[in-house]
Amino acid sequence: MTGHEGTRAPSPIRPDEGLEPVGLRALPRPVAAVVGGGGVLGAAHVGVGYALEQRGFIPDLIVGTSVGALNGAIMAAHPGRAAAWLDHVWTRLRRREVFPLGFLSSRSSIFADSGLRRLIAQAGLPARIEELEIPFTAVATDLATGAQALLDHGDLESALLASAAIPGVLPPVDREGRRLVDGGVIAYVPVRAAHQAGAASVVVLSVGPESSRPRPADPPRWAGAVAARAGMLLTRQQIERDLHEVSRQIPTVVVPTGIEIWPAPWDFRHSQRLIVTAAHAAGRFLDGLRVNGPGLYRADDPAATSAGRSKARRATGAGAGQ
């Protein structure tokens, strides 16, 4: 399958042999691709995937949470050529296909997981995690203990369903004696899991307003808006804590998307815009990336990266703990 032509950047960029390693080539191996959560916003992963593939980047392992587990499993199954396939899927996906209303024998969720099961079945994935081309881990949360569940072997479908089981929205998954829900509860961006798996550096694909500096805003007044704002801030604190913890020890590259306006979590109509915007912003960032030891390497904010301002300074590591 091929993606939309509009999402493709210019011809692939290949570094010349013999030059001092810079950017992605300077990352110590093994390098992990860490694919964060975000639901429908995971379409932005596809744009970042285009930018990485066009620069010849293939990770040594992939760790994903929630929608990042599904996207990451497809990347692990088709290394170096997954973006076009994901583009085709995301730009045609509709809410009712992922969140179908229907009768449930359980009261544990609003939606059945039949739509997600169909999507997984159509993804051309092997039956077991060990059969993927690149070592892969899906991150879920143990609902009984609150512990992180690292699913790196066994049945692939149940691992992806568990990692994406948004509490109350999609049903929990019983796997190997544990009841599991969305990995984003404990690791929205699972960089710590990648480090624990032996990664010497990480490249983070993270999406959503939780992944960037909050915009100044008047405090919301309505109950739903208050809860949404508080949830976003809580998740962002978790992301920042984990990024800074890992970046003190290994190079941690957070690839920007350049997206300023995010759609509602259930609105699939914006996938094309998310893919195109992320592909361009990620490409500009990666071309200016310089890696020099442990530290947090990222753009100051998506808007600045999208506009291409101060690229060299923003794409250079901020230093551990900054």
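Author: Let's go through the labels one by one.

Author: This is a predicted model, where local features need pLDDT of at least 70 and side-chain atom pairs count only at pLDDT 80 or more, while totals for chains, interfaces and linings use all residues. Residues are numbered from 1 along each chain as its sequence is written, and side-chain values use heavy atoms, with hydrogens and water left out.

Reader: How many helices and strands are there in the protein, and what makes a stretch count as one?

Author: There are eleven helices and nine strands.

Reader: Why is T252 called buried?

Author: Buried means under 20% relative accessible area, exposed means over 50%, and partly exposed lies in between (1.4 Å probe, protein chains only). T252 has 0% relative accessibility, so it counts as buried. This residue sits in strand β8, residues 251-255. Leaving out residues up to four places away in sequence, T252 touches V202, V204, L243, V246, S247, G295, L296 and Y297, where contact means heavy atoms within 4.5 Å.

Reader: Which backbone oxygen does the side chain of T252 reach?

Author: That of I250, at 3.1 Å.

Reader: And T235, buried or exposed?

Author: T235 has a relative accessible area of 18%, so this one is buried. You'll find T235 in helix α8, residues 223-247, and its contacts, not counting residues up to four places away in sequence, are Y188 and E210.

Reader: What about I110, buried or exposed?

Author: I110 comes out at 53% relative accessibility, so it counts as exposed. I110 lies in the loop between α4 (95-98) and α5. Its C-alpha atom is 9.5 Å from that of P167, 57 residues apart along the chain.

Reader: How do you know that helix α2 is mostly covered?

Author: Count the buried residues in α2 (residues 67-77): eleven of its eleven. Among them are V67, N71 and M75. For the whole protein of 322 residues, 52% count as buried.

Reader: Why are α5 and α6 called oblique to each other?

Author: Under 35 degrees is roughly parallel, over 145 roughly antiparallel, 65 to 115 roughly perpendicular, and the rest oblique. Angles run from 0 to 180 degrees between N-to-C directions, and axes are lines fitted to C-alpha atoms, for helices over the stretch in contact. Helix α5 (residues 114-121) and helix α6 (residues 156-163) pack at about 135°, with axes 11 Å apart. They are therefore oblique. The meeting residues are L116, R117 and I120 in α5 with E157, L160 and L161 in α6. By class, four are nonpolar, none polar and two charged. Nonpolar covers Ala, Val, Leu, Ile, Met, Phe, Trp, Tyr, Cys and Pro; charged covers Asp, Glu, Lys and Arg; the others, Gly among them, are polar.

Reader: Which way does α1 cross α9, and what makes up their contact by class?

Author: The axes of α1 (residues 43-54) and α9 (residues 271-287) come within 7 Å and cross at roughly 35°. The crossing is right-handed, a word used when the near helix is turned clockwise from the far one by less than a right angle, with anticlockwise being left-handed. Residues in this contact include A44, V48 and A51 of α1 and I275, A278 and A282 of α9. The contact has 13 nonpolar, three polar and no charged residues.

Note on methods. Helix = DSSP H or I, 4+ residues; strand = E, 2+ residues; numbered from the N terminus. Polar contact = N/O pair within 3.5 Å; in protein donor to acceptor, adjacent residues only side chain to side chain.
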